[in-house]
Each structure stands twice: as structure tokens, then as C-alpha cells.
Amino acid sequence: MLFVTLGIYRFWLVTDVRRFLWSNTEIAGETLEYTGTALELLLGFLVAISLLIPVYGGIFLAALDLGILGKLSGIIAFAALGLLGQYAIYRARRYRLTRTIYRGLRFHQQGSAWGYAFRAMLWWVITALTFGLAYPFQVASLERYKMRNTFYGDLGGSFEGSGFALLLRGIPMWFLVFAPLVFAVRGFVAVDWKALVDALAQGGDDVMSRIEGGNPGLGAAIVFAMLMAGASVTLAALLYPAFQAVMLRWWSSGLRFGDVEVRSSLHMRHVYAAYARFVGYAILFSIVMGFVGAFLFGVVGVAANLGKVDSAGEIAATLALLVGYVVTALGFSTIYRATVLLSLWQLGMESLQLSGLAALEKVKARGRPASPLGEGLADALNVGSY
Amino acid sequence: MNSGAGTYFDGVTSARRDVVVELTTGGLQVSDRDGHLWAQWPYEEIEGLTAPDNMLRLGRRGSATLERLEIRDPAFAAEIDARSAHVDRTGALQRSQRMRVIGWSIGATASLLLVAWFGVPAIATRLTPLLPVTFESVLGDAVNAQVRGMLDIRKAGAAFDCGIAAAEIPGRIALDKLVRRLEAVAALPLHLRTNVVRRSEANALALPGGQVYVFQGLIAKADNADEVAGVIAHEIGHVAHRDGTKAVLEGGGLSFLFGMLLGDFVGGGAVVLAAKTVLQSTYTREAESAADAYGTELMNKAGGDARALASMLEKTGGATEPGMKILMDHPDTKARVVAINKSAAAVSPSPFLEAGEWAALKKICAGS
């Protein structure tokens, strides 16, 4: 459905998913309600597009410039779009909160989206410079900003998770991923690149032997560096569910609304189980798609042997290829949503214990619905979620 | 069943109230056990809201607050549904609305594809002649810097351009003579720059702004100067038709159309790329045929042998190219050769270079 309508339908899909998730989320015996509509999202997207056209046009013109501007245009575009993306994330959060109703009152969010965007960009720079070690402090700081501007009616939120606590929980994973990477980089640096390039530049049939002659042990060094890089990537993939579990548990345990406190008892093994289900279904799906693909390929092969492939046949084959790709992509995306995303939401919610619920009894209504422009921007810039 | 239990939220405070709901003739009445009346909603102002499966959640249309009434008894919920026009418990109304949305989306998609297939090339074709030559030069310089960076993959050794070292100067002079003869006939609005570069493929390409690159491999494969001239004439066709600028406009238009409007929900990026490749290769196929025609005509006018372009094509492209025609930049070689030979002039052509000059051109990349 999504492809046939080339993605215009996604606004309805997203709204359906949110309605389902919200109305099946129960807090203290009452469920949440999502009042956003797909039409709002579509409008927000169209407005966002019209605002982005001049930005993209400017970037295009800057790239044509031959001077210093042209050289820097890539960086400027990256920074500008990054800033806009963070701005969009904050505005989109405001939209979602003001469309979230609980006990007849809405949530809302104050604070400046630009203030958040600049903060977030600054933190990303610091995080990049510290190879990710500042990430816990970044999340804690940004989350504090978001939550102290978040309100349920007149009940103000806050965030009490500490970046240091997250750092302590995350640092073993950081070492596991970065240690092999350091070895890999050292391995690559140790290679005598100049000799290698010279050997390649001379050309001829005996390049390999000349490389070996000039650099004894070069092959071993490269293999070692590749192995280490591979180990780093593999460990990162294997540890990702653990990382998500740690993050989710730490984040939910830091949430506060007035006297309402949240504690999470999320188990890492449940997150791994969700990912295992995803991998299982994905493999099953791949096998089915493989059989279908092999069958179609056989048909095309037979037709080609008979010499019956003309232009129409080629167009049909190309279309079949495209449809196959779309079905595969949609299949994996659906499996991911049904297993990982839904499970994480469910696990995250079910593992919560709330205390101080008495504070929820006497909240007064505040806040107004916010515009969906942020959602549109986030969508156009591909930084959206749920 | 004219009354039932419910939960009421007044939309002003978060207080939860267990209430009795009574269905009267004009609307429903919400009151608590002490008899305090909380709300009176006419049936036509009641709307159904999203809720879990086991619950009917009601709100009041046009209300300034978010007052809510929740009914958990299915039989009683059905009673309310039957009386209120805007309560859609079975979802029939929503389904019909959804079908309309899907219909419109398919329509919008069809229109988008039509714009991509016909609109973008049409706009690019009409816009290109309107762009001033100075803009094309600026664009050409930017593209040139990029293309040179992509083509020039050598680490060391002689310069990327041939015809600079002392031993290569005679070759450069021969090339200039050949190009001057073509350029004099072509009467282009901008100055042509032709360079032979050190790349082993038998190929040539034209950039916006009049920059033509002939690869060393093409010179090596050519048997006479007219074959080189034929290929350059073909590239001059691209310059005259401003195909490079057109391609940039088309690429930009398609990127915008597909990339921005569709978003990226299921990793549609690859689909966008595939669609763009298919569409753009059809644009260039037309452009190639047009450049062939122009090149043949130019060779005829310059008094050269237009069939040399055809023989060069046969040498580089092979007799027939198997595989997917739809994804190929250049149309079927056989068809091109036939078309060129058909329109080549029958008069006896005069060669572009003397034997000595041709030998010099052959050595334009010799000094390394």
C-alpha cells in the first residue's frame, strides 16, 4: 500500500500506529488517547517542504560556487540541516505531546525549539570529539531540557537520570566496541602506505610479489586490521540490544511528573528475545523470498534461451525487480515494527512501576494544541520517529 | 436499556468520576450517584474517539475542553452508537474515508509519475536554452572540478592531461587543427576546450560549458583522424544541445520530486535511485541519438567522413550489446551505426589530418 501510493499514505499509517500504541498504553487504570490526525501531518509536511525549498536551493547554488563557499558548502549544508533536524525533533515532540490526552487533559511542552537545537548541536560536537564518551551527559542534559519544559496539565515534568550513572553502565560496551577499533587503526597506520602506492603505481603482473618483497608482513598487518575492524562492527551489532535496554531503563527511571516517580525493571534478556524473534522471522522471510526470486529468475532464463525477450519483456523484468525490492523492503520493515518496535514499547511500558500517583488526581488543564510543522520538517529531513 | 455506568472526565481537572449515563430523547445525561448533573450532550454533538477495543470513548464536538465519557459495557455502547450520527463504533465510516484517501493517493502518484516522465524533461528542455551562457560556464567549471577529481585516479607520474610535455606538443597541434575545422562549421555560442586525458577506456565525454574530454584509450583504438573527429563531432553535438546542463536540471528536478515528496519510510531511497536511473537513462538515450545526428551533419558540413563515427562506434561498442536496453545509456549500437551511415554524405571526403599529423596525434600521450 505504501509503495503504490508512493508514501503519501504514510501519514495515515503513522497516525494508525500511534492511535494503537497510545490507546493500548494504560497508566494507573486509564489509557492514553492520541488525537492527532493524518491530515494535520500531511499539511505540516507540505508547509515544511515549501520552507525547505529555498534552503535546498541555497545549498545547490552554494555548491556551484568555485571559491571558499563552494568548498565549505558541504559542511555548511550538513550543519544547517543538522540544526534544522534538531529543531524539528523538538517541535515534533511538542506536536505529539499536545495530541496526547490522559484523563481528559492534554500534555504540552514549552521552551524554545531553537534553544534546544543549538544545545543539541553543541552536544553532538562534544560527543564526536570525545569518541562518544560524552554521550551519556548529552542525553541527560537534553532530556533535562525536554522534561522540565514538559507538562501534564499544570503538573510540571523533570528528569533525574544522571549522565554519570549511564556512563558507568555503558562504559564496558564502549570499551568492547572501541578497543578493536583502536587496534584496527593502529594496524592501518603501521602499513607503509607510500611503498604500497608506489608498488601499485608501477603496475605490471607481479604487483603482489613486489608488495610482499618491499613490505614483509604487510599482508598479515592488513588482515589483522581488517579482522579487528570486523570484530568492532560485530560487537557493536551484538551489543546494540543491550545498549537499547540500558538506555530505555535509565531513561524511564529518570522521568518525573510532580510527585509521580517512575522506576523501570526492564530485563536485558527480553530485549534480546525481541531481536531474536526479528532475526528468526527475517530469515524465514528471506528464504521464502529467495525461493520466489529463484523461480522467477528461472522463468526469465528459460524465456531468454528461447530468444523471446524483447523490449516489453525487459520492461516487465525491470518492473518485477522493482516490485520485488519493494516487497522485500516492506516485509522487513513490517517484521521489524511488529517484533522489535512493538515489543520495546510493550516491554518499556510493562516494566514501569509508578509511585506518588496521588498527584495525578488534582491536575488542572493547561496548554493548547501545537502546529504539526515540526512533524513535517522531521519527516522531510528523515529524523522522525514512531 | 436507557441507562448505564460510565467514567467521566470534565476536561478541566484530572479527577475521575464514576457516573450514571441516561439516554433521554434529545441527548444523554451524565450525573454522579449523588445526583449532581455533570453533562448534557445532544446526540448530534457526540463523537466517538480512539480507544482500546473494549471501550467506547466519547467526546463533545466543538467543545473548548477535552471532556471525555468512557463506556465499557458493549451493549450500552451499542445503544449510544445507534442514536448518535458521529459515533462510528464499527469503523465503517472510517473505512470508506480511508478508501477515498487511498484513491486520491494513487491519483497523486500517477500525476507525480507523469510529471517525472514528461514534465521534468519538458521543463529542462525549455529552460536550458533560456539559461545564459555565463551560467553554463559557471556550472561547467563546478562540474569540471568534480569530474576531473573522479576521473583522475592516478597517484603519481605524468600530468592527467596529454599534450603538455615537449614530445607531445606536435600531437596537441594536430588535435587543435582537427577541432578548429569542426568548430568553424559548428558556430557554437561558447568556446570549445578539448583535452586528451590519460584514461585507458575508449571513451569521450562533454561537460556543460564546452569542455570535451577525449580518453587516451580512444586515440589508441582509432585507425585514422576522421574516427577521432567523428567522436569529437558527436561530443560537440552534446555541447550544442547543452545536454550537460539539461542533465543537471533533470537530475535536480527528479531528486526533488522523488526524494523530498516521498520521504523515506521503508528505505525507499533505493527505489528512488532506481527510478531516477531508469528515467535518466531514457533522457540520455534520446540525447545520444540527437548527438549522433548532429555529429553526422557536422562531419558532412566539414567535408569529413561521417561513416568514421559509425566505424568507431562499432569498434568500441561491439556489434550488438546484450543486456537490459532500458538501463543502457547508449542506444543499440547497431541501430546507431545504421542511422549514421544512412545520413552520411556520399561525396568523397577530405581527411582531417595528413599522415604525419595523425602519427603525431597518436603520440599525444607519449611523453610520460
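# Reading contacts, strands and helices

Reader: Which residues does Glu375(A) touch, leaving out those up to four places away in sequence?

Author: Glu375(A) touches Leu41(A), Gly44(A), Ala92(A) and Tyr95(A). Two residues are in contact if their C-beta atoms, placed from the backbone, lie within 7 Å. The model is predicted: local features need pLDDT of at least 70 and side-chain atom pairs pLDDT 80 or more, while totals for chains, interfaces and linings use all residues. Residues are numbered from 1 along each chain as its sequence is written, and chains are lettered from A and ligands numbered from 1 in the order in which they are written.

Reader: Is Glu375(A) buried or exposed?

Author: A residue is buried if 20 or more other C-beta atoms lie within 10 Å of its own, exposed if 12 or fewer, and partly exposed in between. Glu375(A) has 29 other C-beta atoms within 10 Å, so Glu375(A) is buried. Glu375(A) belongs to helix H12 (residues 373-380) of chain A. From Asp16(A), Glu375(A) is 359 residues away in sequence and 15 Å away in space, C-alpha to C-alpha. In chain A as a whole, 26% of the 386 residues count as buried.

Reader: How many helices and strands has chain A?

Author: Chain A has 12 helices and 10 strands.

Reader: In what order do the strands of the open sheet lie?

Author: Strands of a sheet pair through backbone hydrogen bonds, either parallel or antiparallel. Here eight strands of chain A follow the order E3-E4-E5-E6-E7-E8-E9-E10, with antiparallel pairing; a pair needs at least two DSSP bridges. Strand E3 (33-34) and strand E10 (352-355) of chain A are the edges, each pairing on one side only. E10(A) is joined to strand E9 (residues 260-264) of chain A by four bridges, in the antiparallel sense. There, Val262(A) faces Leu354(A) of E10(A). Helix H5 (residues 135-148) of chain A packs on the sheet and touches strand E6 (150-152), strand E7 (155-159) and strand E8 (255-257) of chain A. The direction of H5(A) makes about 175° with that of E7(A).

Reader: How many residues of strand E5 of chain A are buried?

Author: Five of the five residues of E5(A) (residues 105-109) are buried, so the strand is largely enclosed by the rest of the structure. Two bridges link E5(A) to strand E4 (residues 100-102) of chain A in an antiparallel run, where Tyr102(A) stands opposite Leu105(A). Between these two strands the hairpin has two residues, and Arg103(A) takes a positive phi near 55°. E5(A) is also antiparallel to E6(A), through three bridges, and Phe107(A) stands opposite Tyr152(A) in E6(A).

Reader: What should the 14 residues of helix H1 of chain A span?

Author: The expected span is 1.5 Å times one less than the number of residues. For H1(A) (residues 10-23) that is 20 Å, and the end C-alpha atoms are 20 Å apart, which agrees. The buried residues of H1(A) are Arg10(A), Phe11(A), Trp12(A), Thr15(A) and Trp22(A).

Reader: At what angle do helix H4 and helix H11 of chain B pack?

Author: Two packed helices are described by the angle between their axes and the distance between the axes. For H4(B) (residues 169-186) and H11(B) (residues 355-362) the angle is about 115° and the axes are 7 Å apart. Axes are lines fitted to C-alpha atoms over the stretch in contact, and angles run from 0 to 180 degrees between N-to-C directions. Pro170(B), Gly171(B), Ala174(B), Leu175(B) and Lys177(B) of H4(B) make the contact with Glu357(B), Ala360(B) and Leu361(B) of H11(B).
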